[in-house]
Amino acid sequence: MPSKYRSALRLAIAASAALLVACSPSPEPTGDGAASGHTRAANERLAKALPLDDQRDFKEAERGLIARDEQLLVKGPDGGVLWQPSQYDFVKGEAPATVNPSLWRQAKLNNLHGLYRVADGIYQVRGYDLSNMSLIEGDSGWIVVDPLTTQETATAAIAFARKHLGDKPVSAVIMTHSHVDHFGGVLAVLPKDRQIPIVAPRHFMEEATSENVLAGPTMSRRANYMYGQSLPKSPLGHVDTGLGKAPAFGSVSIAPPTALVDKTPQQMVIDGVEFQFQYTPNSEAPAELTFYLPKQKAFCGAEVLSRNMHNLYTLRGAKVRDALAWSAYIEEARKLFDQAEVYFASHHWPMWGRENIDTFLRGQRDVYKYIHDQTLRLAYKGYTPREIAEQLSLPNSLAKTFANRGYYGTVSHNSKAVYQAYFGWFDGNPANLNPLPPVAAAEKYIAAMGGKDAVMQLAQAAYNEGDYRWVAQLLNHLVFAGGGKNAKELLAKTYSQLGYQAESGPWRDVYLSAALELRNGTSEQTVSLAGAKDMLKYTPVERFFDAMAAQLNGVKAEGKDIRLKVTFIDLNKSYELWVENSVLHYQVAEGGERIDSSIRISHELFLDIVLGISSLADMVGSDQLEVSGSAIKLVQFFSLLDKSSEPFAIIEP
Ligand SMILES: [Zn+2]
């Protein structure tokens, strides 16, 4: 994805340039001085309230270190930097005033990378990706648990492990769940010459290859904010996601499982090692498992457990998760695997000691259940999402433990997720049933408040008071009402302060990405799917038809009647697609209906077109594509599909 890296670089340069040449009356200071007195005070208050010098996590995160490659540098498919931990070398010592001290502590822990011994025959490569690769010694080779996000990072991780642990083959792979950071690198660890056992939870392939296809165009743009992909890595920019350093973008693959986990408990012997699996669907991921190794008394919590409060709702935009089910699986694991002396997982560092693990599991179990139950308790009294989020905080018994804190999810947005799961977007108040859309509302609010200058004065006064959430609401109206450069600059400063105070990595990245775009305009970054071809070839073609239907422009399609037949030459499958009532339908071809135009295409070329590698027009006449029937109808059909408008504006209309 060369253009992606270039645009990231351009933005980073533009960001530094903007800071240098800002010529508004009060130029934004750089370095520590960028934090206002209010931000400084808020961060100091939190630092005092937490036992930040507690060393237990650091001891556990460093325990068992075998080797660390300080020079680690993984290049992407285009030769650009894909992974380089030294980019985060600035994360050391005391927290700067521009970073929440609790997030800074988590960022320091997530900086620790290398190969670690977890227990007899259990190792982890950590900090080679957002996620961990775990290695379990089998009779004939390594059982790889979670082969990272990309083939590039997985290649580096497995090579590093082999260099220090011995060059044994990979004898099996376990993919704990259907999120890409736990399987995308699989082709890099599978032997080329033979089939080995590949274990995954039931419905893994369907979920892994289809989960985000329909939501993709919107979700990927919003992920850019959530992970701060355009931000420089610096005390003024991205420091950590909370869950790990950052997502990896490279060549993504998948491999179909040879054995499925679909019940609890489920015993399996893999390369001579006894496993007890727990099936945990619809928890952190739609398809997920955890497991226990009786011989080592080791429990792998996958991502059902992590050393932060996870997301019941993820800010990139996704379906909300089931808090009760999630919590119940943790309780089930606590009882089922109560002999565990070691805990390790798909993110973060391990834990040792039966009592420690039990306390940790009780805490994680109750973080989700507390938010669930208390949200409902307040909803029963008629409180609405923003009111509930404002009142809720974890009880001290949970909040004092770092592993329960909101480095990734937060009490605020997770409680809104619980509300959403039960009650949806409408809070019952008719003022919110059909309110004016943002621009129209903004114009009327600004006029009602006495015009743009008056609102700027109000905003500046509130900014000076440190009332940043209110400033953001005021100035968001002003920017949506076309408020101009000064409004954008003050809103950018406001979002920056909110970012500097945020304990959650995603909150920080969302605020700071917004500030960056207010100053420099909408990011040019788009996500190229080309690197995901090894995964997308397993995505059922029906999912792409679903996505195509969601691109049909309903207004343009009014009154259109077009019927196509698409035959996949190499899949031996034919589909009829037709437009009716401005809706695109498809079904396996039955024949008998009128067909205006037929396409015979290879699956490979179809994917290339979907991925933007080839265009239909260029390929007409090639042996991978044959078109017959009415060319006009075919052109008309494709003209009804909207082009993706990514990257769309977020912080302005
Ligand atoms: Zn993950």
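Predicted model: local features only at pLDDT ≥ 70, side-chain atom pairs only at ≥ 80, totals over all residues.

Student: Which helix does Y419 lie in?
Tutor: Helix α13, which covers residues 411-423.

Student: Is Y419 buried or exposed?
Tutor: Buried, because Y419 has 24 C-beta neighbours inside 10 Å. The cut-off for buried is 20 or more.

Student: And what separates the C-alpha atoms of Y419 and T384?
Tutor: A distance of 8.1 Å, although the two are 35 residues apart along the chain.

Student: New topic. How many residues are in the largest nonpolar core?
Tutor: It has 166 residues. A157, V173 and L475 have the most contacts inside this core.

Student: Which helix gives the most to it?
Tutor: Helix α10, residues 354-380, with nine residues.

Student: Back to L475. What does L475 touch?
Tutor: Not counting residues up to four places away in sequence, L475 touches A459, A487, L490, L491 and T494.

Student: Now the big picture. What domains does the assignment give?
Tutor: Domain 1 spans 2-421, domain 2 spans 436-501 and domain 3 spans 540-639. The centres of domain 1 and domain 2, over C-alpha atoms, are 35 Å apart.

Student: How many residues of domain 1 are in contact with domain 2?
Tutor: Twelve, and they meet eight residues of domain 2.

Student: What classes are on the domain 1 side?
Tutor: Four nonpolar, seven polar and one charged.

Conventions. Residues numbered from 1 in each chain as written. Domains from an automatic or database assignment. Contact = placed C-beta atoms within 7 Å. Nonpolar A, V, L, I, M, F, W, Y, C, P; charged D, E, K, R; others polar. Core = buried A, V, L, I, M, F, W, Y, C linked by C-beta atoms within 7 Å. Buried ≥ 20, exposed ≤ 12 C-beta atoms within 10 Å, placed from the backbone. Helix = DSSP H or I, 4+ residues; strand = E, 2+ residues; numbered from the N terminus.
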